[in-house]
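Please look over the structure shown here.

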Amino acid sequence: MTEQGVGRVLVIGAGLGGLTLAHALVRAGIDVRVYEADDGSDERFQGYRIGLAEPGLAALRASLSQRLYDLVEITSGSLTGPGLMFDEQLTVLSRDLEGPPAEARAVDRQVLRRILLGDLGNRVAHGKRLRGFAEEPDGSVTARFADGTQATGAVLVGADGGNSVVRRHLVPEVGLVDSDLCGAMGRTPITDRFLRLVPGRGTMVKGPGVTLMLGRMQFGREPSEAAAALAPGLDMPYRDSYVRWVLLVPPEHPAATESGDARELVLDLIDGWHPDLRDLVRSADMSAVGRSKIYDRPMPSWPVGRVTLLGDAAHLTLASGGNGANTAMQDAVRLSARLAEVDRGERDLTSALGEYQDDLLDRGNAAVEHGKQALKRFVRPQPQETP
């Protein structure tokens with residue numbers, strides 16, 4: 001048995017994984033503070049629709065208060081129905097594309113992040129860009145921020161994404177490389193016309209040299225209305241349901257290195273496609289054109305101390321795998337469980353973090369590999385099937 005009390009946990013990064021961890025720790029009675037580099041929750045684009053499978057949903061059920069989990073559930077959308085493949089003129093090539101399991105739900109990443117910020121109050125500090133950290137002789141960890149402030153705790157968790165400052169200190173030999181995934185993304189408010197393009201869990205349109213991926217985000221209940229009813233006081237802007245689309249091009253395609261107006265770039269690439277597809281893009285809110293990155297090798301272990309990693313900071317997964325958020329949330333509940341054992345005096349911190357790291361690397365490296373393999377069906381030609 002060890003002395004009870006794990007002490008304060010410092011979480012670097014207020015993304016989905018870091019905020020899930022914060023809720024799980026609060027629920028376990030453990031002191032936690034979250035430090036986010038962005039100045040506010042809406043400072044930059046946070047992404048559109050993602051799919052949460054049962055492991056991710058279970059992590060949220062285990063971590064959130066009932067009212068916040070109910071809000072996740074009621075605003076989520078269906079991921080059932082056929083997965084279709086069309087050519088660029090909307091001729092059906094396949095009706096049985098692989099997709100998420102039946103129990104998975106569609107959630108809007110920005111809405112989910114708003115929900116996860118709920119009930120944490122002053123436990124979350126924005127505008128805190130990490131510059132470095134040090135494990136002190138007394139067993140504590142000090143985080144130093146760019147604004148000249150610092151914070152001290154018993155454990156520091158790097159949940160600061162693919163460009164993690166914490167990871168660069170712990171595992172400096174692991175770098176990032178461009179993947180074979182490049183493209184533009186947008187969202188278009190749902191109409192009956194556009195919804196017919198995505199009647200089920202997702203649609204793939206295979207054109208000459210490019211692939212257009214479509215996914216619907218139909219909120220079960222409009223998020224601001226649902227928040228007012230279930231979680232009064234939670235800041236939730238109005239959100240329309242939409243079709244999220246991503247145009248993928250191979251890395252050698254000229255568009256992979258072009259810059260300029262993203263909508264016009266996409267419309268040039270789909271010139272001559274079916275009018276419904278062109279109008280979908282023309283009516284969209286655009287986000288970005290860019291490349292995805294992955295680690296250049298499997299993440300190795302690092303010496304177990306009072307600093308660890310979570311989510312993309314430890315296993316940067318391609319969107320093609322559809323498992324980044326799910327894996328990060330699993331990290332959060334498993335790390336919280338290990339720290340709770342320490343807090344109850346059932347084990348020492350080093351063995352708890354060592355067990356967590358082993359599990360993290362096994363699952364995380366497998367998730368990264370899954371994304372790499374799934375990418376092949378997006379960027380390689382697909383066999384045509386008889387409708």
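## Basis

This is a predicted model: local features need pLDDT of at least 70, side-chain atom pairs count only at pLDDT 80 or more, and totals for chains, interfaces and linings use all residues. Residues are numbered from 1 along each chain as its sequence is written, and side-chain values use heavy atoms, without hydrogens and water.

## Nonpolar cores

The largest nonpolar core has 81 residues. A nonpolar core here is a set of buried Ala, Val, Leu, Ile, Met, Phe, Trp, Tyr and Cys residues joined through side-chain atoms within 4.5 Å. Buried means under 20% relative accessible area, exposed over 50%, partly exposed in between (1.4 Å probe, protein chains only). V9, L52, L60, L112, L156, V166 and L339 touch the most other members. Helix α10 (residues 324–343) gives the most to this core, with seven residues. A second, separate core of 25 residues includes F86, L197, W245 and I270.

Beyond its neighbours within four places in sequence, L339 is in contact (heavy atoms within 4.5 Å) with V6, V9, L25, I30, V155, L349 and L353.

## Helices α1 and α10

The axes of α1 (residues 16–27) and α10 come within 8 Å and cross at roughly 30°. That makes the helices roughly parallel, a term for angles under 35 degrees. The contact residues divide into 10 nonpolar, three polar and no charged. Among them are L21 and L25 of α1 and L335 and L339 of α10.

## Positive phi

L90 has phi near 65° and D119 near 70°. L90 counts as buried because its relative accessibility is 19%. D119, at 42%, counts as partly exposed.

Note on methods: Helices (H or I, at least four residues) and strands (E, at least two) are DSSP runs, numbered from the N terminus. Axes are lines fitted to C-alpha atoms, for helices over the stretch in contact, and angles run from 0 to 180 degrees between N-to-C directions. Angles under 35 degrees count as roughly parallel, over 145 as roughly antiparallel, 65 to 115 as roughly perpendicular and the rest as oblique. Ala, Val, Leu, Ile, Met, Phe, Trp, Tyr, Cys and Pro count as nonpolar, Asp, Glu, Lys and Arg as charged, and the others, Gly among them, as polar.
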